[in-house]
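Open the model in your viewer and follow the stops below. Each one says what to select and what is there.

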Amino acid sequence: MAPTLTLKPGTAWDDAWQRCLALAPEAFQGDRVLNLWDGTWHADGRALPATTPVDGSPIAGPPRLDADTAHQAVRASLDQHRRWRHIALPERRARVAATLDALTEHRELLALLLVWEIGKPWRLAQADVDRAIDGVRWYVEEIDRMVEGRAPLPGPVSNIASWNYPMSVLAHAMLVQALAGNAVIAKTPTDGGLACLTLASALAAREGIPVTLLSGSGGELSEALVRSPEIGCVSFVGGRDTGASVATAVADLGKRHILEQEGLNAWGIWNFTDWDALAPQIRKTFDYAKQRCTAYPRFVVQRSAFDAFLSVYLPAVRAIRVGHPLAVASPSDDLPNLDFGPLINAAKAKELADQVAEAIDRGAVPLHRGDLADGDFLPGQDLSAYVAPVTLLNPPSTSPLHHAEPFGPVDTIVLVDTEAELLAAMNASNGALVATLSCDDPDTYTRLAPQIRAFKVGHGKPRSRGDRDELFGGFGASWRGAFVGGDLLVRAVTEGPEPERLPGNFPDYHLMPD
């Protein structure tokens, strides 16, 4: 009989919150967080109730600003920008480095906030914090050559990002943008990451980094954060629907932009026999319940190899560990090493479950359906945001699971007989961020990989955003604007000698980096 699990002592939400109040009283007050603008923390906005996806209990909600206050904040950020852009690079570098030291000192608290706010298992929450710190440290060391002959933008960079990587994507980008000489504005993600980003921003603001952190609905704040003439660049990470409206706005205004949108990343299997190498990769694709832009929810498999594929796929997916990220059998135990915990909220879990049920009703074949009864949970715990792994064969073309990223632990498998069918199935979403092709013959990979519409294509191994000098972008509808990563991130938020054509995916041209 499995032991009864309990919450690891010292990891409760209230424990984390009390630590925030003690560490950054300027940013946390009572049961709410504050907005940061004009260099000051403001108790403005209407604080909305929020719950954690981990167990449905209350946590701090976003203090939503109105449009007028957001416009004031943007104008104040421009004033900060005009001062900051003239700060000498050695001083900017020193202030960013001091911020990284502070983030390192408090990395475990930042990670614990991520567990409660967005449901990340402890291992992945720590990795999110560490990737932000390590990535920005690389830029601190390399920034001199990157900004040589370049200047900051005319106005601050406005960041609107999804909830799934508050530190390694959003905080990382903000600190690099500031290092390059720009003031930075960020909207807290609507669905989670508020307290973690607030703490990180408080630590940065103490070092004199010109950070503005605002909460509010995208619809109400978009006029200020996207269309304001003060904004020098818009950096967006999110879905295609919202991204399309942002893209229209920045195109109309001729504004510098970086818009990362999702695509259906596919893993193809063609003339392949190295199944022992594939097996460990399959389980890893389920990290954080595939709630990331570089997840692989689609396998495109050669029909004649389907039986061999299933012989390694099914054992891997059956071994996945799901549960409460902070539940332990004994108070002295380490936190569990889970593959994933909850989805971002109960509404998303229900939406995904409904999509699976509809796909099956329309002809998809369920190859695997996990059971939450096998998970590691506290007695009587709310499980409304949890979904067990599911694998479907041949989802119908009418299903969203056929052509869109599910952002949850659902795999779809499509069988193909020809190379043309393989490529068509891997390119189902009009562009993707990453893809992988597993095939034994290197020449076959070399011939087929350029026909896969993804920015990065791996040979038998998954690709990701990458760190440090690794570039990142997307093809088709998965990306609009300047590409990032390595030197390109700094180029995207600085100005060089005219005429300059940044590598990226723009309305009037598409330019790949050298």
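**Charged pairs and a buried arginine**

Select Asp 417 and Arg 303: their side chains form a salt bridge, 2.9 Å from N to O (a side-chain nitrogen of Lys or Arg within 4 Å of a carboxyl oxygen of Asp or Glu). Asp 417 sits in the loop between strand E21 (410–416) and helix H14 (419–426), Arg 303 in the loop between E17 and H11, 114 residues apart. Helices (H or I, at least four residues) and strands (E, at least two) are DSSP runs, numbered from the N terminus.

This is a predicted model: local features need pLDDT of at least 70, side-chain atom pairs pLDDT 80 or more, while totals for chains, interfaces and linings use all residues. Residues are numbered from 1 along each chain as its sequence is written, and side-chain values use heavy atoms, without hydrogens and water.

Next, Asp 144 and Arg 93. Their salt bridge is 2.5 Å, N to O. Asp 144 lies in helix H5 (residues 122–147) and Arg 93 in helix H3 (residues 89–105), so the pair ties together parts 51 residues apart in sequence.

Stay in H5 for Glu 142 and Arg 145, 3 residues apart, about one turn of the helix. Their closest N and O atoms are 2.9 Å apart, in a salt bridge.

Now go to Arg 292, in the loop between helix H10 (275–284) and strand E17 (298–302). Which side chain of opposite charge is nearest to Arg 292? Asp 287, 5.7 Å away; Arg 292 is buried and has no salt bridge (buried: under 20% relative accessible area, 1.4 Å probe, protein chains only). The backbone oxygen of Asp 287 lies 2.7 Å from a polar atom of the Arg 292 side chain.

Note on methods: Buried means under 20% relative accessible area, exposed over 50%, partly exposed in between (1.4 Å probe, protein chains only). Lys and Arg count as positive and Asp and Glu as negative; His and the chain ends are not counted. A polar contact is a pair of N or O atoms within 3.5 Å; within protein, one must be able to donate a hydrogen and the other to accept it, and residues adjacent in sequence count only if both atoms are side-chain atoms.
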